2 protein chains.
Amino acid sequence: MKNFSERQRQIVTTAIGIIAKQGIQNLTTKNLAQAIGISEAALYRHFDSKLEIMQGVLEYFKILMQPALAKLKSHAKPTENLEEFVLEHFRIFTANSSFARVIFSESNFQNEEILMNSLNKMMINSRQALEDVIIQAQRKGEFRTDISSCNISRMMIGSIRFIVSQWSVSGMAFNLENEGRQLCKDIIAALKLRQ
Amino acid sequence: MKNFSERQRQIVTTAIGIIAKQGIQNLTTKNLAQAIGISEAALYRHFDSKLEIMQGVLEYFKILMQPALAKLKSHAKPTENLEEFVLEHFRIFTANSSFARVIFSESNFQNEEILMNSLNKMMINSRQALEDVIIQAQRKGEFRTDISSCNISRMMIGSIRFIVSQWSVSGMAFNLENEGRQLCKDIIAALKLRQ
DNA sequence: ATTATGTTAGCGAGTGTTCACTTACTTGAG
DNA sequence: CTCAAGTAAGTGAACACTCGCTAACATAAT
């Protein structure tokens with residue numbers, strides 16, 4: 001978070017914790033202030049509105065996810081990049097478990113047009129980046145070409161989202177990194193070209 | 001909906017429409033009563049509480065989804081059953097587009113334990129039924145066995161959820177049945193045993 | 001046929017509570 | 001002395017829900 005003060009950072013991360021543990025309905029200025037240990041009015045010394053705090057939440061997430069996106073360009077082999085992209089997601093979510101609940105439920109931000117647009121942009125961006133690498137993988141003969149790159153990206157993203165969602169709903173009952181690694185291997189096995 | 005009166009049915013379907021179009025935050029007793037054209041107080045002649053109305057929403061959905069589940073046992077060939085199961089989902093969502101937004105965002109019901117439990121049970125039920133058929137498909141040599149049935153079900157459900165979510169977020173910008181049919185074919189192509 | 005009794009489904013006008021946010025004032029470090 | 005960062009005590013609006021009342025209709029005894 002670029003220009004955020006220590007206090008602003010604290011407000012945003014506390015907000016994330018509340019959303020994760022109690023749902024967005026319980027992210028109230030009262031609860032947020034209480035969780036930090038300051039008055040409601042003090043919140044407004046650091047943010048103009050609750051909406052601004054929620055935008056902070058999204059920005060925080062965006063920065064957190066950057067490393068995963070970077071993995072798409074780290075190696076020469078597309079398949080390796082895809083694999084690392086997926087695994088990095090699981091690593092990030094494991095290290096920031098509160099985020100899973102916050103992000104994979106877009107309806108959290110429903111009706112706040114600014115937040116929805118912001119989230120949609122992020123989604124489209126990373127989807128596009130992913131599909132580019134999938135196309136590379138197909139061109140280089142690593143992935144099968146009888147399935148469209150669009151549908152391959154749907155399978156990959158859908159699978160990731162679903163296992164993270166399962167993990168989140170189950171209260172982190174399994175090891176996301178291990179289960180995710182196997183899932184990732186299986187997806188690639190299903191999609192690679194067999195000679 | 002079993003024992004529901006005409007008015008109760010109307011209240012529930014109107015509630016679904018509001019959630020779909022304006023989000024759950026705007027499902028207020030005021031808005032709901034207004035949309036129907038009766039007073040708020042009149043709502044309470046037909047339901048004891050707002051929670052009861054939301055339970056009605058879930059029951060409505062459950063009944064609507066029954067046909068998809070039935071498809072899992074309609075033919076002898078597991079692969080055909082799986083295909084019809086998936087296609088039936090797309091058919092149902094196309095015919096009841098408001099549901100997509102309501103259901104695939106579990107966070108809609110976050111913090112209402114009764115609703116969450118109800119939704120989780122439905123999810124687990126259909127996941128289990130699906131995985132059973134996947135195992136059959138593997139036993140009969142229709143599906144590859146180098147990928148666990150658990151991960152196959154993750155890929156299938158994840159892909160379905162994701163394309164429905166895309167369709168919903170895009171404002172039904174594409175034909176879900178057609179796009180979904182191709183996605184379904186591709187998934188099965190990726191998972192079937194090749195000789 | 002009339003009348004008494006009960007039920008259903010509606011209404012306007014509230015209730016107390018909680019929400020995001022504001023105002024006016026205080027405190028303490030530089 | 002200034003001023004950023006805090007506070008207590010509000011604000012109006014929105015929330016789910018309740019109140020007392022009524023018109024319309026059904027049932028059945030007189």
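Select A:Tyr60, A:Phe61 and A:Phe99: these three residues make up one aromatic cluster. Keep in mind throughout that this is a predicted model.

**Stop 1: the ring pair in chain A**

Six aromatic pairs are counted over all chains. Take A:Phe61 and A:Phe99: their ring centres are 5.3 Å apart and their planes meet at 45°, so the pair is tilted.

Now colour the helices. A:Phe61 sits in helix α4 (residues 50-70) of chain A, and A:Phe99 in helix α6 (residues 97-103) of chain A. The pair therefore ties together parts that are 38 residues apart in sequence.

**Stop 2: the ring pair in chain B**

Move to B:Phe61 and B:Phe99. This aromatic pair is tilted, at 5.3 Å centre to centre and 50° between the planes. B:Phe61 belongs to helix α4 (residues 50-70) of chain B, B:Phe99 to helix α6 (residues 97-103) of chain B. Here too, parts 38 residues apart in sequence are tied together by the pair.

Are B:Phe61 and B:Phe99 buried or exposed? B:Phe61 has a relative accessible area of 6%, so it is buried. B:Phe99 has 2% relative accessibility and also counts as buried. The cut-off for buried is under 20%.

**Stop 3: the axis**

Chain B is laid on chain A by a turn of 180° and a shift of 0.1 Å along the axis, with an RMSD of 0.1 Å. The two copies are thus related as by a two-fold rotation axis.

Which residue of chain B comes closest to the rotation axis? Select B:Gly158: its C-alpha lies at 2.1 Å from the axis.

**Stop 4: the interface**

Select the contact residues next. Chain B gives 42 residues and chain A gives 42 residues. Of the interface residues of chain B, 100% are also interface residues in chain A, so the copies meet through the same surface. Between them, chain B and chain A bury about 3300 Å², with 46% of it on carbon and sulfur atoms.

**Stop 5: arginines across the interface**

Zoom in on B:Arg154. It lies over the face of A:Phe174, at 5.7 Å from the ring centre. B:Arg154 also forms a salt bridge with A:Glu179, where the closest N and O atoms are 3.0 Å apart. The count of salt bridges between chain B and chain A is two.

Finish on A:Arg154. This residue lies over the face of B:Phe174, at 5.7 Å from the ring centre.

Note on methods. Residues are numbered from 1 along each chain as its sequence is written. Chains are lettered from A and ligands numbered from 1 in the order in which they are written. This is a predicted model: local features need pLDDT of at least 70, side-chain atom pairs count only at pLDDT 80 or more; totals for chains, interfaces and linings use all residues. Side-chain values use heavy atoms; hydrogens and water are left out. Rings of Phe, Tyr and Trp (its six-membered ring) pair if their centres lie within 6.5 Å; planes under 30 degrees apart count as stacked, over 60 as edge-to-face and the rest as tilted. Helices (H or I, at least four residues) and strands (E, at least two) are DSSP runs, numbered from the N terminus. Buried means under 20% relative accessible area, exposed over 50%, partly exposed in between (1.4 Å probe, protein chains only). A charge sits over a ring if NZ of Lys or CZ of Arg is within 6 Å of the ring centre and within 35 degrees of the ring normal. Copies are superposed by least squares on the C-alpha atoms of residues with pLDDT of at least 70 in both. Contact means heavy atoms within 4.5 Å. Buried area is the accessible area (1.4 Å probe) that two parts lose on being put together, summed over both. A salt bridge is a side-chain nitrogen of Lys or Arg within 4 Å of a carboxyl oxygen of Asp or Glu.
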